[in-house]
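The sequence and model are shown first.

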Amino acid sequence: MYIDMGNLLNEKTVYAHLSEDKKETLIEHTELTKKYLNKILEDKKIKKIIDDLIINLEIKENIKSLINEMFYNAIILHDIGKINPLFQIEKMSNKGLNKEKYKNINSTDHSIISSIIYSIYYIEKILKNYRSNDEKYPLIYFNLLFSYNISRHHSNLENMDEFIDKMSNYYNKILNNKEFLDLLSEDIKNTIVSNEHGYFSQKSYYKIERNSEKIIKENYIENILLTKLNYSLIVSSDYYATYEFFNGEITDIGLIDKKEQIIENYQSTEIYKNIEKYKNNEMNFEKMPINKLRTEMFLESENELKQNIEKDIFYLEAPTGSGKTNTSINLALNLLEVNKMDKIIYVFPFNTLVEQTYEILKEIFGQELDPVVINSLTGYYDKKNEKESEIEYSKSDYDQILLDRIFWHYPFIITTHVNLFQAFFGNSRNAHYSLLHLTNSIIIIDEIQSYKNSLWEDIINYFDKFAKYLNIKFIIMSATLPKLDKMLENKKSDFVDLIKDPEKYFENPLFKNRVNLNFDLLKEEEITFETLKNHLLKNTKTTDKILIEFIEKKEAFNFYNYLKKELEREAELITSDDNPIERQRIISKTKNKEGFILISTQVIEAGVDIDMDVGYKNIGYLDNEEQFLGRINRSSKKKNARAYFFKITDPKKIYKNDARTLFNILEYPENIDNLINKNFNDYYKNVFQKIKKTNQKHNENSIENRKIKIKYLDFRAISNDMKLIDDQKIQIFLNFEEIIDGEKISGEDVWQDFKEILEEDMEYSKKKYKLSKIYQKMSYFMKQINKYIKKENYIEKIGEIYYYSNGEIFFENGKFSIEKFKDFEKGDFIPENDIL
C-alpha cells in the first residue's frame with residue numbers, strides 16, 4: 001500500500017533533519033514516519049475509523065480503495081519536497097549539491113513542492129484508469145484535499161482557494177527547473193513534465209467541486225473528518241518521527257493500560273463500598289435518606305448503561321447534589337471495562353470546576369490513573385516529577401514534557417469545553433495533534449447548557465457523527481439538561497437516557513422541596529439596593545448564610561460596596577476577576593461562618609461546592625435559576641431554606657443572543673411552575689424551537705451558512721464559528737502583592753520573571769515549559785476585561801498583555817474595580833456585557 005520513497009528519488013543523498021552530530025536522510029525520515037503511522041493506527045485503532053469513513057462516502061465502490069491508498073501515501077510523501085536543492089544546501093548543509101547549478105530556485109519551501117509531486121503522481125494514475133466523471137472527479141477531489149494537507153503540514157489549515165493559486169504558481173516554477181527535476185526518478189519526472197491537464201487552477205477546482213457535489217452535500221461531516229484525520233496523521237507521524245531522530249523512541253502515548261487495577265481502586269472507596277452494602281441491604285441508608293436516593297440513581301444509571309453498552313451518547317439528568325461526579329466516574333469505568341476505550345476526558349465549562357473536580361478524582365485514583373489538568377491556568381505536567389519539586393531537566397526531558405502536553409499523552413484528562421472544541425474544530429497544527437487522541441475516548445461533559453446555545457444544533461450533529469466514527473462514548477450530564485438530540489437532522493440516532501424517570505428524583509421532597517421559592521420581589525415596580533437590603537433584614541436571621549447573585553458584574557460590585565457601608569455583617573464578593581487563591585479563601589469561609597453574606601455573579605452557579613441557607617437572585621433564564629438553587633441547602637439538612645428572585649438588571653441586556661432570555665420567569669410566567677416542579681422538558685422544547693427558527697434565517701449566522709463553510713472546507717471559518725466564547729477581551733497584568741503557598745509574592749517580580757524567560761536564549765521546549773509555569777503564577781495578577789484600551793497608560797505591553805505597575809489603585813474594598821480602571825484609562829469602550 002505504501003509508496004517506496006526510494007523509487008521516486010534519483011538523488012538518494014538528500015536529508016530531512018540534521019543535529020550537531022548526525023544527519024538523517026529523507027528515506028530514513030520516511031521510514032520513521034511509516035513506523036509511527038503504523039504505531040498510531042494500531043495503538044489508537046485508527047485504521048477502522050478511516051475505513052468506515054471511506055466506506056460511508058456517497059461514491060462508487062470501485063474508487064474507494066484508491067482513496068484509501070491516497071490517504072495513507074499523503075502521509076508517506078509529505079516531505080518529498082525536501083529534495084528542493086535550496087532546502088538541501090541552506091537548511092541541511094548538503095555539500096553534494098552545487099548552489100550555482102540551481103540559480104532559478106529562490107525558495108527553501110518544501111511543503112508545497114511535496115504536495116505537487118504527490119498530487120501529480122496520483123492524478124496521472126487516476127486519468128489512466130478511470131474515465132467516467134463520477135469516478136474521476138471524486139478521486140481528483142480527494143487527491144487535492146490530501147495535497148492541501150501536505151502543503152500545510154508546517155502551518156495551520158486555512159482554505160482551499162488560496163492553496164490552488166499557490167499550487168499553480170509553484171508547479172510552473174518546477175517545470176522551469178530542469179536541474180531540480182533531475183533529482184527525481186525518471187518516472188516521476190516524466191509524469192510532472194507531461195501533466196498538461198490543468199487541474200491546478202481555480203476554474204478547474206470549481207469544476208472538480210461541481211462534479212463531486214454529492215460527497216460535499218451529503219457527506220460533509222464524513223468529508224471534513226476524513227480530511228482532518230489525514231492532516232492529523234501527517235503532522236503527528238512527522239512530529240513523532242522527528243522526535244525519535246533527536247531524542248529517541250516514543251513508547252508511551254498515554255493510554256489506559258491498568259484497567260483492572262483502576263477499577264479495583266475505585267471499588268475500594270468508602271462510597272462504592274456503601275453502595276455495594278445497599279445492594280444487599282436496603283436499610284443501609286435508613287438514617288441518611290439523601291444517600292439512599294443518590295445510591296438508587298447510581299444503580300439505575302449503571303443498569304441502563306449496561307443494557308445499552310453498545311450505544312454512544314448517554315444522558316445523565318439528575319438533581320443538584322445527587323452525586324453526578326461519582327456516578328459519572330462509575331459509568332466511565334463500566335464503559336472502560338467492556339469497550340475498547342483507552343482514555344477518559346472530563347470536560348467542564350469553567351476552570352473553577354476543573355480545580356474542584358481534580359482534587360476529588362486525585363483522591364480516588366491516585367497514581368494508578370493520575371488525572372492531568374489541561375487548561376490555560378495549569379503548568380505542563382511532568383510524569384517523572386509528580387510532586388513538582390525544583391529539579392534540573394535535560395533538553396530531552398523538556399522535549400518529552402512538551403510532547404506529552406501537545407499530544408494529550410495522558411490516560412485521564414480534566415479540561416474545559418474551550419480546549420475540547422479546539423481539539424475537535426480548531427484549524428491549528430496543535431489542535432490536530434490532540435484530535436487523534438480523542439478517538440476511543442470516554443468524554444464526560446458536565447453542564448452542557450452553559451455552551452453557546454446558537455451552536456447547540458451544530459454541536460449535537462457533530463457529536464452524533466464523532467461518536468459513530470471516532471469511537472467516542474459521550475456522557476452528557478446536568479441538573480438542567482437540554483436533550484439536544486431533539487434538534488438532530490437524523491432522528492434515528494440512538495441516545496440513551498440513563499435515568500428513565502428523572503421526575504422520581506426531581507420531585508422527591510429532599511430535592512424538590514429543598515428550597516422554598518418566592519417571587520414577590522418581581523411584583524415590585526422598581527427594585528433598588530435599599531429594597532434588597534431592607535428585604536434581607538426583614539426576611540432573614542443574623543445567623544443565616546446568604547447568597548445574593550447578580551447577572552452583571554458591575555451591579556454585584558456596586559451592591560457589595562453598598563452593603564459594606566450599610567451592614568455590619570461580614571460580606572464577600574466573588575466574580576470571575578478573583579484568582580484561585582481569593583476564590584478558595586471565600587468558598588472556605590462559606591463553609592465555616594454563620595451570618596455570612598456572599599455576593600456573586602453567575603460564576604457561583606454550575607457545580608461550585610457551597611451550601612447556603614437563603615438565596616437572592618436577579619432573574620436570568622431558567623437554567624440559571626435552577627443552577628443557582630443548587631447552591632442553597634445543598635445537603636438537604638436545613639429547614640426553611642428559601643430563595644427570592646428579583647430584577648434589577650434586564651437579562652435581555654446581558655444575554656443578547658441567547659434564545660433562553662425570551663423565556664425568563666417574568667416574561668414567561670409558565671416557567672415559574674416549570675422551575676418549581678423541575679420540569680425542564682417543556683422549557684427546552686420552546687428554546688429549541690426558537691433556536692431552530694433563528695438558525696433557519698438567511699443570514700451569515702445561520703446554520704446553513706455554517707454548513708456551507710464546512711462543506712467547502714473553510715477551516716479557518718469553521719474554527720471561528722465553533723468557538724464557544726465570543727472573545728473580545730484583553731488581558732491586563734496588575735502589580736500588587738499576593739500570598740501564594742504561604743509566601744508573599746510581588747506582581748512586579750512575576751512580570752520580570754516572565755520577561756526574563758521570553759528574553760533568555762533557550763531551547764523551544766524548555767521555554768514552553770517555563771512559560772507554562774510562569775503563566776500559572778501570572779494568573780493571580782491578571783484580569784480579563786472586554787474593553788479596548790485607548791490611551792497608553794500601561795507601562796509595558798508584551799503580546800496582548802498590558803502591564804500596570806500601580807495595580808493596587810484599581811482595587812476597592814479588596815476587589816478589582818472596573819470603574820476605577822475605566823476612570824484611569826479614559827479609553828473608548830465597547831458596550832458593557834461583562835456578566836461573570
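What share of the contacts in the chain with a separation of 6 or more comes from residues 24 or more positions apart? Such residues account for 78% of those contacts, where contact means heavy atoms within 4.5 Å.

## Basis of the model

This is a predicted model, in which local features need pLDDT of at least 70, side-chain atom pairs count only at pLDDT 80 or more, and totals for chains, interfaces and linings use all residues. Residues are numbered from 1 along each chain as its sequence is written, and side-chain values use heavy atoms, with hydrogens and water left out.

## Overall form

The chain contains 35 helices and 23 strands. Both are DSSP runs numbered from the N terminus: helices are H or I with at least four residues, and strands are E with at least two. The radius of gyration is 29 Å, close to the 28 Å that the globule rule gives for 836 residues, so the chain is as compact as a globular protein of that length. That radius is taken over C-alpha atoms, and the globule rule is 2.2 Å times the number of residues to the power 0.38.

The C-alpha trace spans about 95 × 60 × 55 Å along its principal axes. Of the 836 residues, 60% count as buried. Buried means under 20% relative accessible area, exposed means over 50%, and partly exposed lies in between (1.4 Å probe, protein chains only).

## Buried positions

Val14 lies in the segment before strand E1 (15–18) and counts as buried, at 0% relative accessibility. Leaving aside residues up to four places away in sequence, Val14 touches Leu9, Thr25, Leu26, Ile83, Gln88 and Asn94. Val14 and Glu700 are 686 residues apart in sequence, and their C-alpha atoms are 49 Å apart in space.

Tyr102 sits in the loop between helix H4 (85–91) and helix H5 (111–129). With a relative accessible area of 6%, Tyr102 is buried. Its contacts, not counting residues up to four places away in sequence, are with Pro85, Ile89, Leu97, Glu179, Phe180 and Leu183. From Tyr102 to Leu255 the separation is 153 residues in sequence and 48 Å in space, C-alpha to C-alpha.

Glu135 belongs to helix H6 (residues 133–151). At 12% relative accessibility, Glu135 also counts as buried. Residues up to four places away in sequence aside, Glu135 touches Lys60, Asn62, Ile63 and Tyr130. Helix H27 (residues 622–629) is mostly covered, with 8 of its 8 residues buried; among them are Asp623, Glu625 and Glu626.

Lys45 is not a glycine, yet has a positive phi of about 55°. Its place is the loop between helix H1 (26–43) and helix H2 (46–55), and at 43% relative accessibility Lys45 counts as partly exposed.

Asn471, not a glycine, has a positive phi of about 55°. Asn471 is in the loop between helix H21 (456–470) and strand E8 (473–478). With 26% relative accessibility, Asn471 counts as partly exposed.

## Helix pairs

Two packed helices are described by the angle between their axes and the distance between the axes. Here the axes are lines fitted to C-alpha atoms, for helices over the stretch in contact, and angles run from 0 to 180 degrees between N-to-C directions. Angles under 35 degrees count as roughly parallel, over 145 as roughly antiparallel, 65 to 115 as roughly perpendicular, and the rest as oblique. A crossing is left-handed if the near helix is turned anticlockwise from the far one by less than a right angle, and right-handed if clockwise.

The axes of helix H13 (residues 259–267) and helix H16 (residues 324–338) come within 10 Å and cross at roughly 155°, which means that H13 is roughly antiparallel to H16. This crossing is left-handed. H13 contributes Lys259, Ile262, Ile263 and Tyr266 to the contact, and H16 contributes Asn326, Ile329, Asn330, Leu333, Leu336 and Glu337. By class, the contact has 6 nonpolar, 2 polar and 2 charged residues. Nonpolar covers Ala, Val, Leu, Ile, Met, Phe, Trp, Tyr, Cys and Pro; charged covers Asp, Glu, Lys and Arg; the others, Gly among them, are polar.

For helix H18 (residues 395–406) and helix H34 (residues 764–778), the axes come within 8 Å and cross at roughly 60°, so H18 is oblique to H34. The crossing is left-handed. Residues making the contact include Tyr398 and Asp399 of H18 and Lys766 and Tyr769 of H34. The contact of H18 with H34 has 5 nonpolar, 1 polar and 5 charged residues.
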